[in-house]
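Take a look at the model below.

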Amino acid sequence: MQTVGELSEGLRYKAVAQRIASMVESGELPPGSRAPSLRQTARSTGMSLTTVGQAYAELERRGVLESRPRSGYFVRRRPALLPRAGMPPAEPPVARAVQRGELVRRAMDAMGRSDILPLGLAHVDGRLLPAADLARILGSCARRQAVRSADYGPVPGCPELRRQIARRLALAGVSAAPEEIVLTCGATEGLALSLRALTRPGDTVLIAVPAYHFFLQMIEVLGLRVVEIPSHPERGVDLGDLEQALDRFRIAACILSPTWSNPDGSLVPEDGKRALVELLARRNVPLVEDDVYGDITFDGPRPPACKAFDRTGGVTLVSSFSKSMAPGYRTGYILPARGQGAVIHELKAMTTLAGVSATELAVAEYLDKGLYERHLARLTRALRDQVEAMRDAVARHFPAGTRATRPGGGFMLWVELPEDAVTGLTLFQRAAAEGIGISPGMLFGMTDRFERFIRLNCGLVMDAPVQRAVRRLGLLARP
């Protein structure tokens with residue numbers, strides 16, 4: 001027969017287990033996060049280490065926690081019970097003027113407010129970025145090279161950073177000389193300069209939708225027309241759709257994100273990238289490749305860029321360190337298509353003239369010391385866990401029938417709301433009224449085909465405020 005003392009001890013460890021399980025269920029301890037140590041829990045509960053150890057062993061047996069040698073206990077990542085997001089019905093491609101600027105501006109105004117939790121912006125939580133290391137290097141560079149740091153640099157940018165970027169491009173399968181690379185104020189300037197070099201007002205460009213909303217805004221500002229083809233959430237652009245559009249329209253340039261596209265996280269496979277580049281080369285249509293998420297690959301080596309398969313010089317590659325290192329340093333770059341280097345150089349000279357010498361020198365030194373690779377390994381692990389944690393939270397709190405992508409890189413989650421939920425635009429408006437920012441799907445295309453979609457940023461640490469916000473979004477999504 002069980003004694004009173006034995007029963008009391010059993011109740012104690014069950015109480016501890018219930019406390020930790022409740023923290024997991026509420027999102028205070030999201031999937032992939034480290035659970036409090038045995039000693040921390042013993043102190044906070046007043047229980048013995050033996051009792052806490054029994055509780056953690058029980059939670060491990062139930063699949064709530066997992067122990068990792070010499071690291072402690074972690075919340076087990078459960079496969080989120082969400083089917084993958086699909087594709088809306090295809091629409092025949094049409095060349096049209098872009099009229100999304102006002103919607104984009106309204107959404108950006110709301111998402112950029114200081115009182116809004118930014119689940120709609122594509123940025124990484126500052127706590128995950130190497131701000132302190134960069135600050136030390138920046139200070140050191142400014143002291144050692146005071147005059148140079150304060151002066152104008154060359155129009156194409158700091159030579160040291162261009163050398164480091166040329167080395168990094170080799171990881172994407174791209175062979176480039178430092179002299180070919182032009183530094184820019186983030187990828188935003190790089191994309192704008194590239195399109196300005198390749199098009200004239202009235203020209204038609206091709207994009208894959210859902211597309212990064214800045215593409216549409218930029219196309220509108222430059223007075224261009226757009227043709228949209230669908231992007232599959234897993235494999236990206238279909239070559240048949242691309243070829244059909246090239247047959248029907250006079251395309252001046254394509255602007256695509258073949259590696260972890262924003263917002264759907266799609267990846268064009270290696271064979272598909274090679275075939276895409278070869279098709280465009282045969283048609284003599286230039287490609288502007290947005291590769292800003294290429295470095296943020298969760299498993300295995302980073303995928304090759306389309307530029308790696310460019311044998312005729314028709315691909316312009318644009319990227320930056322804004323998503324993975326320091327958005328405020330505004331350090332991006334262009335590897336221009338053949339014959340476009342001088343044009344890009346001239347356009348940059350007429351706009352920003354030169355970059356910020358001090359930050360370019362600091363980023364170059366950070367790369368040269370090998371610090372970026374170590375940081376990137378930590379960052380990609382954290383972002384992979386956060387994407388899974390966000391999927392898990394959406395699965396638990398959003399209406400039944402919600403679907404979402406499962407990206408292998410980047411940090412965007414493309415969520416498809418069920419038919420009996422509100423539209424993405426209505427959810428955006430409701431959420432903004434309660435201090436939560438999201439991106440409605442209508443930002444990412446020219447028609448209403450994405451009205452039942454939203455984009456969520458998984459770059460924020462999944463702490464209690466973010467968990468509460470996702471739980472509230474799930475309630476607001478109901479009619």
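Is proline 93 buried or exposed? This is a predicted model, and in it proline 93 has a relative accessible area of 9%. Buried means under 20%, so proline 93 counts as buried.

Where does this proline sit? Proline 93 belongs to the loop that runs between β2 (72-75) and β3 (96-97). Leaving aside neighbours within four places in sequence, proline 93 is in contact with Val227, Glu228, Arg248 and Phe249. Take glutamate 228: in sequence, 135 residues separate proline 93 and glutamate 228. In space, their C-alpha atoms are 6.0 Å apart.

Now step back to the whole chain. Among contacts between residues at least 6 apart in sequence, 75% join residues at least 24 apart. The secondary structure of the chain comes to 16 helices and 17 strands. The radius of gyration is 25 Å, close to the 23 Å that the globule rule gives for 479 residues, so the chain is as compact as a globular protein of that length. The C-alpha trace spans about 85 × 60 × 40 Å along its principal axes. Of the 479 residues, 57% are buried.

Next, the interior. In soluble globular proteins, nonpolar side chains tend to be buried together. Here the largest nonpolar core holds 129 residues. Leu119, Leu242, Met390, Leu427 and Leu456 touch the most other members. Helix α14 (residues 371-397) gives the most to this core, with 10 residues.

Not counting residues up to four places away in sequence, leucine 242 touches Leu206, Ile229, Val237, Cys254, Leu276, Leu279 and Leu280.

Glycine 435 follows α15, and its phi is positive, near 80°.

Last, a charged residue. Lysine 348 has its place in helix α12 (residues 341-351). Lysine 348 is buried, yet has no salt bridge. How far away is the nearest side chain of opposite charge? That side chain belongs to glutamate 360, and is 4.9 Å away. Beyond its neighbours within four places in sequence, lysine 348 is in contact with residues including Val155, Pro156, Val182, Glu189 and Leu353.

Key: Residues numbered from 1 in each chain as written. Predicted model: local features only at pLDDT ≥ 70, side-chain atom pairs only at ≥ 80, totals over all residues. Heavy atoms only, no water. Helix = DSSP H or I, 4+ residues; strand = E, 2+ residues; numbered from the N terminus. Buried < 20%, exposed > 50% of the residue type's maximum accessible area, 1.4 Å probe, protein only. Lys, Arg positive; Asp, Glu negative; His and termini not counted. Salt bridge = Lys/Arg side-chain N within 4 Å of Asp/Glu carboxyl O. Contact = heavy atoms within 4.5 Å. Core = buried A, V, L, I, M, F, W, Y, C linked by side-chain atoms within 4.5 Å. Rg over C-alpha atoms; globule rule 2.2 N^0.38 Å.
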